[in-house]
Amino acid sequence: METMKSTTSYIIGLGEALWDVLPDGKKLGGAPANFAYHAGQFGNKTLAVSALGEDKLAEETLAALDEKELEYIMPQVPYPTGTVQVVLDDEGVPTYDIRENVAWDNIPLTDEMLAVARNARAVCWGSLAQRNVVSRDTIQQFVKATPKDCLRIFDINLRQTFYTKEIIQESLRLCNILKINDEELVSIGRMFGYPGLDIENKCWLILGKYDLDILVLTCGVNGSYVFTPGTMSFQETPKVEVADTVGAGDSFTGAFCSAILKGKSVCEAHRTAVEVSAYVCTQNGAMPKLPEKYLDKVQPCG
Ligand SMILES: OC[C@H]1O[C@](O)(CO)[C@@H](O)[C@@H]1O
(Lines give C-alpha, C1' and ligand atoms only; values in the text may rest on other atoms or scores of the structure.)
Protein backbone atom coordinates (compact mmCIF):
# COMPACT_ATOMS: atom_id res chain seq x y z
CA MET A 1 0.00 0.00 0.00
CA GLU A 2 1.34 3.41 -0.95
CA THR A 3 1.64 5.61 2.16
CA MET A 4 1.17 9.35 2.12
CA LYS A 5 4.71 10.54 2.71
CA SER A 6 3.70 14.03 3.76
CA THR A 7 1.56 12.80 6.67
CA THR A 8 3.83 9.99 7.89
CA SER A 9 6.25 10.57 10.73
CA TYR A 10 9.57 9.19 9.47
CA ILE A 11 13.10 8.53 10.60
CA ILE A 12 15.06 10.07 7.73
CA GLY A 13 18.55 9.61 6.32
CA LEU A 14 19.42 12.76 4.37
CA GLY A 15 22.34 13.12 1.96
CA GLU A 16 24.36 10.74 -0.15
CA ALA A 17 22.88 7.58 -1.63
CA LEU A 18 25.39 5.82 -3.84
CA TRP A 19 27.04 2.63 -4.92
CA ASP A 20 30.09 1.38 -3.03
CA VAL A 21 32.25 -0.45 -5.54
CA LEU A 22 33.84 -3.13 -3.36
CA PRO A 23 36.36 -5.84 -4.34
CA ASP A 24 33.51 -8.36 -4.72
CA GLY A 25 31.10 -6.12 -6.59
CA LYS A 26 28.98 -3.02 -6.07
CA LYS A 27 26.70 -2.56 -3.07
CA LEU A 28 24.19 0.12 -2.20
CA GLY A 29 25.59 2.58 0.34
CA GLY A 30 25.96 6.17 1.45
CA ALA A 31 25.95 6.86 5.16
CA PRO A 32 22.46 8.44 5.46
CA ALA A 33 20.87 5.74 3.30
CA ASN A 34 22.62 3.07 5.38
CA PHE A 35 21.31 4.71 8.55
CA ALA A 36 17.73 4.75 7.23
CA TYR A 37 17.96 1.14 6.13
CA HIS A 38 19.18 -0.07 9.52
CA ALA A 39 16.69 2.01 11.53
CA GLY A 40 14.00 0.54 9.28
CA GLN A 41 14.95 -3.01 10.19
CA PHE A 42 13.71 -2.27 13.72
CA GLY A 43 10.17 -1.79 12.42
CA ASN A 44 10.29 2.00 12.00
CA LYS A 45 8.96 3.97 9.05
CA THR A 46 12.16 5.23 7.48
CA LEU A 47 12.99 7.25 4.43
CA ALA A 48 16.17 7.92 2.46
CA VAL A 49 16.32 11.41 0.92
CA SER A 50 18.89 12.02 -1.82
CA ALA A 51 19.10 12.46 -5.60
CA LEU A 52 19.83 10.11 -8.48
CA GLY A 53 21.02 10.64 -12.02
CA GLU A 54 19.11 10.03 -15.20
CA ASP A 55 21.19 6.98 -15.97
CA LYS A 56 21.07 3.19 -15.83
CA LEU A 57 22.59 3.22 -12.36
CA ALA A 58 19.63 5.27 -11.15
CA GLU A 59 17.28 2.51 -12.34
CA GLU A 60 19.42 -0.05 -10.55
CA THR A 61 19.31 2.09 -7.40
CA LEU A 62 15.52 2.28 -7.48
CA ALA A 63 15.30 -1.48 -7.95
CA ALA A 64 17.73 -2.06 -5.05
CA LEU A 65 15.81 0.33 -2.77
CA ASP A 66 12.57 -1.48 -3.57
CA GLU A 67 14.21 -4.81 -2.99
CA LYS A 68 15.42 -3.57 0.42
CA GLU A 69 11.96 -2.11 1.10
CA LEU A 70 13.52 1.25 1.83
CA GLU A 71 11.24 4.17 1.08
CA TYR A 72 12.86 7.15 -0.59
CA ILE A 73 12.52 10.61 -2.05
CA MET A 74 15.21 10.85 -4.72
CA PRO A 75 14.53 13.26 -7.56
CA GLN A 76 16.43 12.58 -10.78
CA VAL A 77 18.86 15.33 -11.77
CA PRO A 78 21.23 15.77 -14.75
CA TYR A 79 24.34 14.45 -12.98
CA PRO A 80 25.60 10.87 -12.72
CA THR A 81 24.33 8.63 -9.93
CA GLY A 82 27.00 8.54 -7.20
CA THR A 83 29.71 5.87 -7.03
CA VAL A 84 32.57 5.29 -4.60
CA GLN A 85 35.59 3.04 -5.15
CA VAL A 86 36.26 1.23 -1.90
CA VAL A 87 39.68 -0.26 -1.14
CA LEU A 88 39.91 -2.50 1.94
CA ASP A 89 43.07 -3.01 3.98
CA ASP A 90 44.00 -6.34 5.63
CA GLU A 91 41.69 -5.57 8.56
CA GLY A 92 38.71 -4.79 6.32
CA VAL A 93 39.04 -1.05 7.01
CA PRO A 94 37.98 0.95 3.93
CA THR A 95 39.49 3.87 2.06
CA TYR A 96 36.99 5.68 -0.14
CA ASP A 97 37.53 7.34 -3.50
CA ILE A 98 34.34 9.37 -3.81
CA ARG A 99 33.35 10.57 -7.27
CA GLU A 100 32.62 14.30 -7.38
CA ASN A 101 29.86 16.40 -8.92
CA VAL A 102 27.35 13.59 -8.87
CA ALA A 103 23.58 13.51 -8.34
CA TRP A 104 23.68 13.53 -4.52
CA ASP A 105 25.80 16.72 -4.66
CA ASN A 106 22.80 18.35 -6.31
CA ILE A 107 19.76 17.41 -4.21
CA PRO A 108 17.00 19.93 -4.95
CA LEU A 109 14.78 20.92 -2.02
CA THR A 110 11.24 19.89 -2.95
CA ASP A 111 7.87 20.58 -1.32
CA GLU A 112 7.55 16.88 -0.58
CA MET A 113 10.86 16.96 1.30
CA LEU A 114 9.77 19.95 3.34
CA ALA A 115 6.50 18.22 4.19
CA VAL A 116 8.28 15.13 5.53
CA ALA A 117 10.77 17.33 7.39
CA ARG A 118 7.91 19.03 9.26
CA ASN A 119 6.69 15.62 10.52
CA ALA A 120 10.06 13.99 11.14
CA ARG A 121 10.76 11.92 14.27
CA ALA A 122 14.49 11.84 13.55
CA VAL A 123 16.83 12.98 10.82
CA CYS A 124 20.45 11.96 10.30
CA TRP A 125 22.89 13.75 8.02
CA GLY A 126 26.65 14.13 7.66
CA SER A 127 29.33 16.45 6.34
CA LEU A 128 30.06 14.75 3.00
CA ALA A 129 26.83 15.64 1.18
CA GLN A 130 27.36 19.25 2.22
CA ARG A 131 30.51 19.53 0.10
CA ASN A 132 28.48 21.17 -2.69
CA VAL A 133 26.32 24.23 -2.08
CA VAL A 134 23.13 22.79 -3.63
CA SER A 135 22.87 19.80 -1.30
CA ARG A 136 24.26 21.83 1.59
CA ASP A 137 21.39 24.32 1.33
CA THR A 138 18.86 21.52 0.98
CA ILE A 139 20.19 19.68 4.03
CA GLN A 140 20.29 22.78 6.19
CA GLN A 141 16.80 23.94 5.16
CA PHE A 142 15.43 20.44 5.68
CA VAL A 143 16.89 20.13 9.18
CA LYS A 144 15.66 23.61 10.11
CA ALA A 145 12.12 22.59 9.10
CA THR A 146 12.00 19.61 11.51
CA PRO A 147 9.86 19.89 14.66
CA LYS A 148 11.33 20.85 18.01
CA ASP A 149 11.21 17.33 19.47
CA CYS A 150 12.86 15.70 16.42
CA LEU A 151 16.11 13.81 17.03
CA ARG A 152 18.55 15.77 14.86
CA ILE A 153 21.57 13.54 14.46
CA PHE A 154 24.74 14.87 12.89
CA ASP A 155 26.81 11.78 12.04
CA ILE A 156 29.87 13.76 11.08
CA ASN A 157 31.40 11.10 8.75
CA LEU A 158 34.48 13.07 7.69
CA ARG A 159 35.62 11.80 4.32
CA GLN A 160 38.90 12.79 2.66
CA THR A 161 39.04 16.61 2.54
CA PHE A 162 35.33 17.11 1.90
CA TYR A 163 34.56 19.29 4.91
CA THR A 164 35.24 22.74 6.31
CA LYS A 165 35.17 24.22 9.80
CA GLU A 166 32.17 26.40 8.87
CA ILE A 167 30.10 23.46 7.62
CA ILE A 168 30.86 21.45 10.73
CA GLN A 169 30.08 24.33 13.07
CA GLU A 170 26.78 25.02 11.34
CA SER A 171 25.72 21.36 11.66
CA LEU A 172 26.86 21.23 15.30
CA ARG A 173 24.52 24.17 15.96
CA LEU A 174 21.64 22.42 14.16
CA CYS A 175 21.93 18.99 15.78
CA ASN A 176 21.00 17.71 19.22
CA ILE A 177 22.91 14.42 18.85
CA LEU A 178 26.46 14.15 17.52
CA LYS A 179 27.99 10.88 16.38
CA ILE A 180 31.74 10.91 15.79
CA ASN A 181 34.60 8.40 15.78
CA ASP A 182 38.00 8.62 17.45
CA GLU A 183 39.88 9.68 14.31
CA GLU A 184 37.30 12.34 13.54
CA LEU A 185 37.55 13.62 17.10
CA VAL A 186 41.29 14.15 16.61
CA SER A 187 40.60 16.16 13.42
CA ILE A 188 37.94 18.24 15.14
CA GLY A 189 40.22 18.86 18.14
CA ARG A 190 42.90 20.20 15.79
CA MET A 191 40.44 22.22 13.77
CA PHE A 192 38.81 23.87 16.78
CA GLY A 193 42.07 24.46 18.64
CA TYR A 194 42.01 21.98 21.50
CA PRO A 195 44.36 19.25 20.28
CA GLY A 196 45.84 18.56 23.73
CA LEU A 197 42.71 17.49 25.57
CA ASP A 198 42.13 13.79 26.20
CA ILE A 199 39.21 12.18 24.38
CA GLU A 200 36.76 12.32 27.25
CA ASN A 201 37.39 16.00 27.89
CA LYS A 202 37.07 16.79 24.19
CA CYS A 203 33.65 15.13 24.25
CA TRP A 204 32.49 16.96 27.38
CA LEU A 205 33.63 20.23 25.87
CA ILE A 206 31.74 19.70 22.58
CA LEU A 207 28.63 18.46 24.41
CA GLY A 208 28.54 21.61 26.55
CA LYS A 209 29.59 24.12 23.90
CA TYR A 210 26.89 23.04 21.43
CA ASP A 211 24.29 22.24 24.07
CA LEU A 212 23.90 18.66 22.81
CA ASP A 213 21.62 16.07 24.39
CA ILE A 214 23.84 13.15 23.39
CA LEU A 215 27.34 12.66 22.00
CA VAL A 216 28.24 9.19 20.68
CA LEU A 217 31.93 8.39 20.23
CA THR A 218 32.98 5.13 18.57
CA CYS A 219 36.60 3.99 18.83
CA GLY A 220 36.66 0.90 16.59
CA VAL A 221 38.01 -2.13 18.46
CA ASN A 222 38.68 0.05 21.52
CA GLY A 223 35.02 0.40 22.46
CA SER A 224 32.51 3.24 22.34
CA TYR A 225 31.15 5.95 24.60
CA VAL A 226 27.85 7.77 24.95
CA PHE A 227 27.92 11.10 26.76
CA THR A 228 24.87 12.99 27.96
CA PRO A 229 24.98 16.02 30.25
CA GLY A 230 26.30 14.48 33.47
CA THR A 231 26.49 10.79 32.38
CA MET A 232 28.85 8.62 30.41
CA SER A 233 28.32 5.05 29.19
CA PHE A 234 31.20 2.91 27.91
CA GLN A 235 30.89 -0.43 26.10
CA GLU A 236 33.59 -2.77 24.86
CA THR A 237 33.51 -3.68 21.18
CA PRO A 238 32.68 -7.37 20.69
CA LYS A 239 35.47 -9.35 19.01
CA VAL A 240 34.26 -10.59 15.64
CA GLU A 241 35.67 -11.87 12.37
CA VAL A 242 35.62 -8.72 10.23
CA ALA A 243 34.58 -8.90 6.57
CA ASP A 244 34.65 -5.11 6.21
CA THR A 245 33.74 -2.19 8.45
CA VAL A 246 31.85 -0.31 5.71
CA GLY A 247 28.59 1.03 7.17
CA ALA A 248 29.28 -0.23 10.70
CA GLY A 249 29.06 3.29 12.13
CA ASP A 250 25.86 3.98 10.19
CA SER A 251 24.24 0.83 11.58
CA PHE A 252 25.35 1.88 15.07
CA THR A 253 23.57 5.21 14.65
CA GLY A 254 20.45 3.60 13.14
CA ALA A 255 20.11 1.04 15.95
CA PHE A 256 20.85 3.63 18.64
CA CYS A 257 18.32 6.11 17.29
CA SER A 258 15.68 3.44 16.93
CA ALA A 259 16.11 2.25 20.54
CA ILE A 260 15.99 5.81 21.91
CA LEU A 261 12.76 6.45 19.99
CA LYS A 262 11.32 3.27 21.48
CA GLY A 263 11.87 4.84 24.91
CA LYS A 264 14.89 2.71 25.85
CA SER A 265 17.55 4.13 28.14
CA VAL A 266 20.77 5.51 26.69
CA CYS A 267 22.63 2.51 28.10
CA GLU A 268 20.22 0.00 26.49
CA ALA A 269 20.38 1.86 23.20
CA HIS A 270 24.16 1.87 23.41
CA ARG A 271 24.33 -1.90 24.04
CA THR A 272 22.01 -2.59 21.11
CA ALA A 273 24.02 -0.35 18.78
CA VAL A 274 27.27 -2.07 19.73
CA GLU A 275 25.87 -5.54 18.98
CA VAL A 276 24.34 -4.49 15.68
CA SER A 277 27.42 -2.72 14.36
CA ALA A 278 29.63 -5.67 15.34
CA TYR A 279 27.36 -7.91 13.27
CA VAL A 280 27.51 -5.52 10.29
CA CYS A 281 31.34 -5.80 10.42
CA THR A 282 31.04 -9.56 9.85
CA GLN A 283 29.19 -8.97 6.57
CA ASN A 284 30.20 -7.45 3.22
CA GLY A 285 28.88 -4.00 2.42
CA ALA A 286 26.90 -1.46 4.42
CA MET A 287 23.37 -2.85 4.25
CA PRO A 288 23.27 -6.50 5.33
CA LYS A 289 19.97 -7.86 6.58
CA LEU A 290 20.08 -8.18 10.37
CA PRO A 291 19.22 -11.59 11.85
CA GLU A 292 16.05 -11.75 13.98
CA LYS A 293 17.95 -12.01 17.24
CA TYR A 294 19.13 -8.39 16.91
CA LEU A 295 15.67 -7.12 16.11
CA ASP A 296 13.33 -8.77 18.54
CA LYS A 297 14.88 -7.40 21.69
CA VAL A 298 16.77 -4.36 22.75
CA GLN A 299 19.92 -5.45 24.60
CA PRO A 300 19.58 -5.11 28.39
CA CYS A 301 21.97 -2.98 30.37
CA GLY A 302 24.59 -4.06 32.84
O1 LIG B 1 28.87 7.99 2.63
C2 LIG B 1 30.21 7.88 2.24
C3 LIG B 1 30.71 6.49 2.40
O4 LIG B 1 30.54 6.12 3.73
C5 LIG B 1 29.73 4.97 3.83
O6 LIG B 1 28.43 5.40 4.01
C7 LIG B 1 30.12 4.14 5.00
O8 LIG B 1 29.97 4.90 6.18
C9 LIG B 1 29.83 4.28 2.50
O10 LIG B 1 28.70 3.49 2.23
C11 LIG B 1 29.98 5.45 1.56
O12 LIG B 1 30.70 5.19 0.43
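Modeller: Happy to! Let us begin with the largest cavity, which has a volume of about 50 Å³. Please keep in mind that this is a predicted model. Rolling a probe the size of a water molecule over the atoms shows where empty space is left.

Who lines this space? The lining of the largest cavity is made up of Leu-151, Ile-153, Ile-177, Lys-179, Val-216, Phe-252, Thr-253, Phe-256 and Cys-257. Strand S9 (151-155), strand S10 (177-181) and helix H8 (248-261) are the elements that give two or more residues to that lining. H8 provides the largest share, with 4 residues. Sorted by class, the lining of the largest cavity holds 7 nonpolar, 1 polar and 1 charged residues.

Now, how many cavities of 30 Å³ or more does a search of the whole structure find? The search finds 2, so let us visit the other one as well. The second largest cavity contains about 40 Å³ of space. Around it you can find Glu-16, Ala-31, Pro-32, Phe-35, Cys-124, Trp-125, Gly-126, Asp-155, Asn-157 and Asp-250. Helix H1 (31-41) and strand S8 (122-125) each supply at least two residues of this lining, and the largest share, 3 residues, comes from H1. By class, the lining of the second largest cavity divides into 5 nonpolar, 2 polar and 3 charged residues.

Key:
Residues numbered from 1 in each chain as written. Predicted model: local features only at pLDDT ≥ 70, side-chain atom pairs only at ≥ 80, totals over all residues. Heavy atoms only, no water. 1 Å grid on protein atoms, 1.4 Å probe; cavity = no way out; pocket = protein on both sides within 12 Å on 5 of 7 lines; lining within 4 Å. Points joined across faces, edges and corners; volume = space filled by probe spheres on them. Nonpolar A, V, L, I, M, F, W, Y, C, P; charged D, E, K, R; others polar.
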